[in-house]
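Trainee: I am new to this structure. Please walk me through the terms used for it.
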Amino acid sequence: MADRTIEGLTRAGAAMAAGEIDQAAAHLQAAAQLCPDEPMIWALLGEVLLLLDRPQDGLGALDRALALAPEDPRPRFHRARAFERLDRLAEALADQEALAILCANKAEVWHNLGLLRRAGGDPSGAEAAFGRALALEPSRAESALALAHSLLGRAAWAEGFAHYEARLSLPGWQRPAPLPGRRWRGEDPAGRTLLVSAEQGLGDGVQFLRYLPLIKGAGKVIVECHPPLRRLIAAQPGVDATIAFGEAIPDLGAEGLTIPLASLALPLAGGAPLGERIPYVSKPRLRPQGDRPRIGLAWRSSDRAELRRDPPLAALAALAAIPAVDWVSLQFAPTDYPALPLDLRPMASVDDLDDTAALIADLDLVISVDTAVAHLAGAMGKPLWVLLGPRADWRWTASAQSSPWYPSCVPFFHGAEGWPGVIAAVSERLKAAFNGPPAR
């Protein structure tokens, strides 16, 4: 390897260490011109271009690396990622299957293969891959959680929730300090204080509220939660007190018990979704039903673009063509707005999910991306249409027609036509539901 090429690689490494990814790419491109037959340069360039969110350019560099060194697993690993980012799932899967042969004893390879198989509609193959990852690395919590998602997605509730406990071992789930008291596993809690921690996001909190009324016999039930959930939880039967995360946990006594909220599913219901218990959040309708349907819309789930849960605002513009509909915003966080005749005023008075529930009670339909609003509408039994991205979460995929968690839910899945296809399907259904059958 030429001295100038080594120098270019050294400079690229220094730029990476300093967080100057653009500079690292420039150094690697210069090195590739000097030494175009060196596979390591092309492989590193491909990885850096992926970091710069340039998967198409990265793919070209990784193709070149593999042409020069076809048995090297590293560029194939990153090429699979590039294909996935470009929605070329079949090619990503082919690369990952090849990696499983080249690196049969690496748990990470089998884990990634499981994710791609699941995305490709092969749940049994995904579960086999996750199982192989766990056989190689039994403590691999992310693989156990991925296996749980796959099992839950096909309604294997008891087995799925048993593996779902792995979430508690991952860094993102850990509380700053461990919960006090002994973990409750469903034994008789008579006379004891039970602390339930709603340790996940707001939507998960709403989803798993259904299990709280099933707790029987505890001396006192305290629920720790995020502040926007507090009033909803306080209204649940059997809840004696709530505390917000960050507040001091009261003394639970020598016999105190604790359990994460989502973990209630297994000991209280064998993991069953209990859809027949809906509604478990109730609010009275204050506004009489009018001639024009009032439809609530939530179009953004979070700032995490990699989740790919939210349609582009331009795609939502097609909904404006639906006549005689009053659109109401259910978007809690400040964000850009779609080009719709959208009433934004109601959310100005909303402080938490209890306020949001009061708004939903006055609606005829909720259309939402995968976010807390969808769970809340489902928990209230309100007609709910959920707009799902290319990686639909497990709780929406157990049935293609509805959700076992929310019987009033109609899922609209992301297909070959992408988000425009999702919105077109919603538009046609809206026309049929509120304006007669679509024109032929």
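**Pocket, core and a buried threonine**

Mentor: The second largest pocket holds about 260 Å³ of space, a volume being the space filled by probe spheres set on grid points joined across faces, edges and corners. This is a predicted model: local features need pLDDT of at least 70, side-chain atom pairs count only at pLDDT 80 or more, and totals for chains, interfaces and linings use all residues. Residues are numbered from 1 along each chain as its sequence is written, and side-chain values use heavy atoms, leaving out hydrogens and water.

Trainee: Which residues are closest to the centre of the second largest pocket?

Mentor: Leu168, Arg175, Pro178, Leu179 and Pro260, of 14 lining residues. On a 1 Å grid over the protein atoms alone, a pocket is an open set of points where a 1.4 Å probe fits, with protein on both sides within 12 Å along at least five of seven lines; lining residues have an atom within 4 Å of a point.

Trainee: Why is threonine 356 called buried?

Mentor: Its relative accessible area is 2%. Buried means under 20% (1.4 Å probe, protein chains only), so threonine 356 is buried.

Trainee: What is threonine 356 in contact with, leaving aside its neighbours within four places in sequence?

Mentor: Val350, Val373 and Leu376. Contact means heavy atoms within 4.5 Å.

Trainee: How many residues has the largest nonpolar core?

Mentor: It has 69. A nonpolar core is a set of buried Ala, Val, Leu, Ile, Met, Phe, Trp, Tyr and Cys residues joined through side-chain atoms within 4.5 Å. Leu376 is one of those with the most contacts inside it. Apart from this core lies another, of 23 residues, including Trp299.

Conventions: Buried < 20%, exposed > 50% of the residue type's maximum accessible area, 1.4 Å probe, protein only.
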